[in-house]
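Student: I am new to this structure, and I would like to go through it slowly with you, one question at a time.
Tutor: Then let us look at it together and begin with a single residue before we widen the view.

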Amino acid sequence: MCARFPDFRLGNVLATSFTGTLSERHGNRVERIPTPHRLIDWLAVNGLAVDSCTTAQLDHARELRESIHAAATAAALQEGLPPSAVHVINACSTQGRAAAFLTPEGKRRWRLGSASCVEDALSVIAADAISIIAGERDGKLALCASPTCRAAFFDTSRSRTRKWCDMNTCGNRQKKARFNANQRTAPGSAD
Ligand SMILES: [Zn+2]
């Protein structure tokens, strides 16, 4: 809608798509939910539409996001989970009132409670994070190989050897960098 805001990166895992709303954490950071309205947009795209969002709720969402990032990173590295991150994830998970429901087509959708919708949406994201960090889903948490990114992502490839959080951004950039390096070291070899 607003061209001046960075696009969302869409993935099929809710919790890591959410942590992906801040990218290039070790480079030139890109904040993809810079305003409450962009959080509303992101939630709508991810099946968690809310009516409104305050600045405080955006701050709360970002706190959850960074807590999921910290816990998922620790899990990917097989290190102990940071207690403060676990606390935030659990608090968010228990604070919301969201119900899963089944569509006639057999899809799962979420129905958020009426009073505090952002909190309800965050509880769904927190529960999703818990399920992947706890190892309950088929896949493996890993860190993006890009040194400026290092995003935690959920590898569901059969071989569990995915290297990039996102093929269209980090993967592609790496491919281009390798291509350029080859061009420099062996001019003409790519012709
Ligand atoms: Zn990446």
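Student: Which residues does Ile89 touch, not counting residues up to four places away in sequence?
Tutor: Keep in mind that this is a predicted model, and that what follows is computed from it. Once residues up to four places away in sequence are set aside, the residues that Ile89 touches are Leu64, Ser67, Ile68, Ala71, Ala126, Ala129 and Ile130.

Student: Which residues have the most contacts inside the largest nonpolar core, and how many residues does that core have?
Tutor: In general, nonpolar side chains of soluble globular proteins tend to be buried together. Here the largest nonpolar core has 42 residues. Those with the most contacts inside this core are Leu64, Ala72, Ile89, Ala121, Ile125, Ala129 and Leu141.

Student: Which element gives the largest share of this core?
Tutor: The elements that give two or more residues to the core include helix 1 (14–19), helix 2 (36–45) and helix 3 (55–76), and also strand 5 (140–143) and strand 6 (152–155). The largest share is 10 residues, and the element that gives it is helix 5.

Student: Why do helix 4 and helix 5 count as oblique to each other?
Tutor: Helix 4 (residues 83–95) and helix 5 (residues 117–133) pack with their axes 7 Å apart and at an angle of about 125 degrees. Roughly perpendicular ends at 115 degrees and roughly antiparallel begins over 145, so an angle between these limits is called oblique. The two helices, helix 4 and helix 5, are therefore oblique.

Student: Which residues make the contact of helix 4 with helix 5, and how do they divide into nonpolar, polar and charged?
Tutor: From helix 4 the contact takes Ile89, Cys92, Ser93 and Gln95, while helix 5 brings Glu119, Leu122, Ser123, Ala126, Ala127, Ala129 and Ile130. Sorted by kind, the residues of this contact are 7 nonpolar, 3 polar and 1 charged.

Student: Why are helix 3 and helix 5 roughly parallel to each other?
Tutor: These two helices, helix 3 and helix 5, pack with their axes 11 Å apart, at an angle of about 0 degrees. Because angles under 35 degrees count as roughly parallel, helix 3 and helix 5 are described as roughly parallel.

Student: How do the residues of the contact of helix 3 with helix 5 divide?
Tutor: In helix 3, Gln57, His60, Ala61, Leu64, Ile68, Ala71, Ala72 and Ala75 meet Val118, Leu122, Ile125, Ala126, Ala129 and Ile133 in helix 5. The residues of this contact divide into 12 nonpolar, 2 polar and no charged.

Definitions and conventions. Residues are numbered from 1 along each chain as its sequence is written. This is a predicted model: local features need pLDDT of at least 70, side-chain atom pairs count only at pLDDT 80 or more; totals for chains, interfaces and linings use all residues. Axes are lines fitted to C-alpha atoms, for helices over the stretch in contact, and angles run from 0 to 180 degrees between N-to-C directions. Helices (H or I, at least four residues) and strands (E, at least two) are DSSP runs, numbered from the N terminus. Angles under 35 degrees count as roughly parallel, over 145 as roughly antiparallel, 65 to 115 as roughly perpendicular and the rest as oblique. Two residues are in contact if their C-beta atoms, placed from the backbone, lie within 7 Å. Ala, Val, Leu, Ile, Met, Phe, Trp, Tyr, Cys and Pro count as nonpolar, Asp, Glu, Lys and Arg as charged, and the others, Gly among them, as polar. A nonpolar core is a set of buried Ala, Val, Leu, Ile, Met, Phe, Trp, Tyr and Cys residues joined through C-beta atoms within 7 Å. A residue is buried if 20 or more other C-beta atoms lie within 10 Å of its own, exposed if 12 or fewer, and partly exposed in between; C-beta atoms are placed from the backbone.
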